[in-house]
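Hi,

Here is the structure I promised to pass on. Have a look at it first, and then read on for what turned up.

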Amino acid sequence: MSDKPVILVPTDFTKVGDSAVDYAARLSKILRADIHLLHIVSKEKEVAAAKIALGDIAKDLQAKGIEAKTVAEIGNIFDDIGRVAREENAKLIVMGTHGVKGIQHVMGSKALKVVTNSDVPYVIVQNKPMREHGFKNIVVPVSFNQEVKQSLIYACEMGRYFKSKIHIVYVKEKDEFIAAKIERNIPHAENYLREQKVDYEITGIEKKDFSKDVVKFAASVDADLITIINNHENIFTYFGGSFEQAVIGNDEAIPVMVINHVALNTAYSFSIYFA
């Protein structure tokens with residue numbers, strides 16, 4: 001195995017799992033990374049079959065010139081994906097989801113714990129292939145109550161590989177105090193984006209159903225990726241309790257990159273991850 005950075009791909013051998021592998025394969029070539037395939041089982045007797053299935057996927061990747069390692073672990077997806085990511089020194093996790101209905105059906109109220117229990121960024125994809133141009137348009141919903149620059153770091157670093165346009169979207173507040181704070185912070189975001197030499201656009205939308213409006217906006221700009229921040233350990237409270245779940249499982253099947261607060265504290269970026 002090489003000393004390249006690692007993309008971890010948890011798979012359940014479903015079509016959305018295959019979609020995650022396909023995304024990771026594309027990203028691995030662009031980011032010059034290896035892929036580590038992961039399947040978590042609940043019983044020892046299931047390990048052997050998992051290793052065989054993972055091995056078949058690895059062979060397909062290797063035939064495409066991509067280094068791939070397989071990991072079959074006994075445990076549960078809520079705790080052990082993050083643990084394996086740390087053990088494998090993964091810099092990015094690419095995982096498939098069946099959308100909101102699938103999340104609710106398969107994992108219930110614990111669905112998002114899979115994502116929050118890790119200091120490694122996730123790219124969550126649905127059963128839709130990655131477009132040839134990659135992530136050309138990246139949407140970043142922001143709350144100006146948080147450090148905007150932190151919200152943009154990962155979007156800009158991922159975007160530089162695809163020469164992306166960054167679309168910042170925020171809520172137009174009626175409260176004069178909050179609106180004034182937003183107006184003060186927008187120039188800081190613009191300065192950072194100009195420093196990064198990226199194409200960008202900043203759009204305010206009315207405060208209605210922000211999760212639906214973000215997805216609608218993302219569809220209107222033909223977005224290839226939505227980047228969201230989880231500010232609180234194990235609890236999503238970014239723009240409301242259901243915001244992240246609604247965005248992650250969006251009906252447009254747009255991939256979503258989730259960066260957890262603990263990852264922001266490390267001050268890492270993709271320029272360090274995939275130099």
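Predicted model: local features only at pLDDT ≥ 70, side-chain atom pairs only at ≥ 80, totals over all residues.

If you want a spot to look at, take valine 139, whose bridge partner in β9 is isoleucine 226.

Zooming out, the sheet is an open one of 10 strands with mixed pairing, in the order β3-β2-β1-β4-β5-β10-β9-β6-β7-β8. At the edges stand β3 and β8 (199-206), each with a single partner strand, so one side of each has no neighbour in the sheet. From one strand to the next, the twist averages 25°.

Now the helices on it. Helix α2 (residues 47-63) lies across β2 and β3, and runs at about 165° to β3. Helix α3 packs on the sheet as well, touching β1 (6-10), β2, β3, β4 and β5, and its direction makes about 150° with that of β2.

Next, the greasy parts. In soluble globular proteins, nonpolar side chains tend to be buried together. Here the largest nonpolar core has 52 residues, and those with the most contacts inside it include Leu27, Leu37, Phe135 and Ile166. Helix α6 (residues 148-162) gives the most to this core, with eight residues. There is also a second, separate core of 35 residues, with Val71, Phe217, Phe243 and Ile248 among them.

On to the charges. How many salt bridges are there? The count comes to eight.

- Lysine 69 and glutamate 88 meet through their side chains at 3.0 Å, N to O. Lysine 69 sits in strand β3 (residues 68-74) and glutamate 88 in the loop between α3 (77-87) and β4 (90-96), so the pair ties together parts 19 residues apart in sequence. Lysine 69 is partly exposed, at 32% relative accessible area, while glutamate 88 is buried, at 15%.
- Aspartate 224 and arginine 131 form a salt bridge with their closest N and O atoms 2.9 Å apart. This pair links distant parts of the chain, 93 residues apart: aspartate 224 is in the loop between α8 (210-220) and β9 (225-230), and arginine 131 in the loop between β5 (122-125) and β6 (137-141). Aspartate 224 counts as buried at 4% relative accessibility, and arginine 131 as partly exposed at 31%.
- Arginine 83 and glutamate 87 also have their closest N and O atoms 2.9 Å apart. They are four residues apart in helix α3, so about one helical turn separates them. Both belong to a network of salt bridges that links Glu73, Asp80, Arg83 and Glu87.

Most residues other than glycine have a negative phi. Arginine 32, in the loop between α1 (15-31) and β2 (34-41), has a positive phi of about 55°. Alanine 253, in the loop between α9 (243-248) and β10 (256-260), has a positive phi of about 60°, and counts as buried at 14% relative accessibility.

Cheers

Conventions. Residues numbered from 1 in each chain as written. Heavy atoms only, no water. Salt bridge = Lys/Arg side-chain N within 4 Å of Asp/Glu carboxyl O. Helix = DSSP H or I, 4+ residues; strand = E, 2+ residues; numbered from the N terminus. Buried < 20%, exposed > 50% of the residue type's maximum accessible area, 1.4 Å probe, protein only. Core = buried A, V, L, I, M, F, W, Y, C linked by side-chain atoms within 4.5 Å. Pairing = 2+ DSSP bridges. Axes fitted to C-alpha atoms, helices over the stretch in contact; angles between N-to-C directions. Contact = heavy atoms within 4.5 Å.
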